[in-house]
Amino acid sequence: MDELRDTNRAFFDKYSEIDDSREFLEFMAKPLRQSFRVNTLKAEVGEVVERLSSHFELEQVPWVEEGFFVYGEGITNTPEFSLGLIFMQEASSMIPPLALDVEPGMLVLDMAASPGAKTTQMSAYMENTGCIIANDVKYPRINTLISNLQKFGAVNVRVTMKDGRYFGRFREKFDRILLDAPCSNVGMIRKNYKYLKLWRQRDVEALSRLQKSLIMAAYKALRPGGVLVYSTCTLDPEENEEVVDYLLSNTDARLERIDLPVKSREPVTEFRGKRYDEEVRKCLRIHPQDNDTEGFFVAKVVKPDE
């Protein structure tokens, strides 16, 4: 607790308003346990688990059939990792592709795709059919994305390098859209304290403005009856409930609850003088102590079918 406060007092003071429990602070300071997802484009889940279980202790991720927590050192030194049979992916980040309900043959936009964990997860669910447009805005991130798509055998993906807002011009084209938005990465503090040192309220406010413009562009590109999933790995209300509230206030979008066996808590409906639409209660707000994972936020948006 003292380490969090001493490293970034402004962060500590704000988050005392969001979750002042001792468990929250304890889990924020606790190292994150490793997890992976079996790449079903290349291997059967049972075969991979049988081989790895002889060297590592594995625990099923409750909400993802092919997801596992792994205990012990050296998982990234295994042939399964080198050959792209497993993708090291944080367990809570496996939720957005599940919530998106992709199906084989669909046209899908992954608006901020790098490094490609969720892209390859969707590709597996689509059985390498249809098409995923995997976009990112920065050249180094594109290189990482392409490398992972090749390694994991995702052949139904086309890569673009654009500002995500560019896709707003493709009106009502996509069956599914994933917007895993750039954020302040508070959920990743358990991986690396640099995110705690870097956190600034002014950055949160700038990111919130960017996220609102991205989600509006995504909604324009979504076909009627389609599904848009908005997610971040941060817990600032300005980057989560406020962004979803903005979409609800300016469009005909509606929210659906995400029915997965994951523990979560009541979303924020009022923060620092701002009130958000009661519909945001349907979102998933996951704090680190809920499932011993990163902090995460997921909203499932549906465009009414006219």
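**Notebook: cysteines, a pocket and some backbone angles**

I began with Cys-283, which counts as buried at 4% relative accessibility (buried means under 20% relative accessible area, exposed over 50%, and partly exposed in between, with a 1.4 Å probe and protein chains only). I noted that this is a predicted model, in which local features need pLDDT of at least 70 and side-chain atom pairs count only at pLDDT 80 or more, while totals for chains, interfaces and linings use all residues. Residues are numbered from 1 along each chain as its sequence is written, and side-chain values use heavy atoms, with hydrogens and water left out.

**Cysteines**

I searched the whole structure for disulfides, meaning pairs of cysteine sulfur atoms within 2.5 Å, and found zero. Cys-283 is in no disulfide, since the nearest cysteine sulfur, that of Cys-183, is 15 Å away. The sulfur of Cys-233 has its closest cysteine sulfur in Cys-183 at 3.6 Å, which is too far for a bond; Cys-233 also counts as buried, at 12% relative accessibility.

**Largest pocket**

I then looked up the largest pocket, where a pocket is an open set of points on a 1 Å grid over the protein atoms alone, at which a 1.4 Å probe fits, with protein on both sides within 12 Å along at least five of seven lines, and lining residues have an atom within 4 Å of a point. The lining of the largest pocket has 44 residues, and Ser-114, Pro-115, Arg-141, Asp-180 and Met-188 lie nearest its centre.

Which residues does UniProt list for "binding site"? The unreviewed entry in UniProt lists Asp-136, Asp-163 and Asp-180, and I kept in mind that such annotations may be inferred rather than shown by experiment. These residues are spread over 45 residues of sequence but cluster in space, with a largest C-alpha distance of 13.6 Å. The lining of the largest pocket includes Asp-136, Asp-163 and Asp-180. Asp-163 is partly exposed, with a relative accessible area of 32%.

**Backbone angles**

Most residues other than glycine have a negative phi, and most peptide bonds are trans. I therefore wrote down the exceptions that follow. The peptide bond from Ser-114 to Pro-115 is cis, with omega near 10°. Asn-128 is not a glycine, yet has a positive phi of about 60°, and this residue is partly exposed, with a relative accessible area of 23%. Arg-272, also not a glycine, has a positive phi of about 50°, and Arg-272 counts as partly exposed at 48% relative accessibility.
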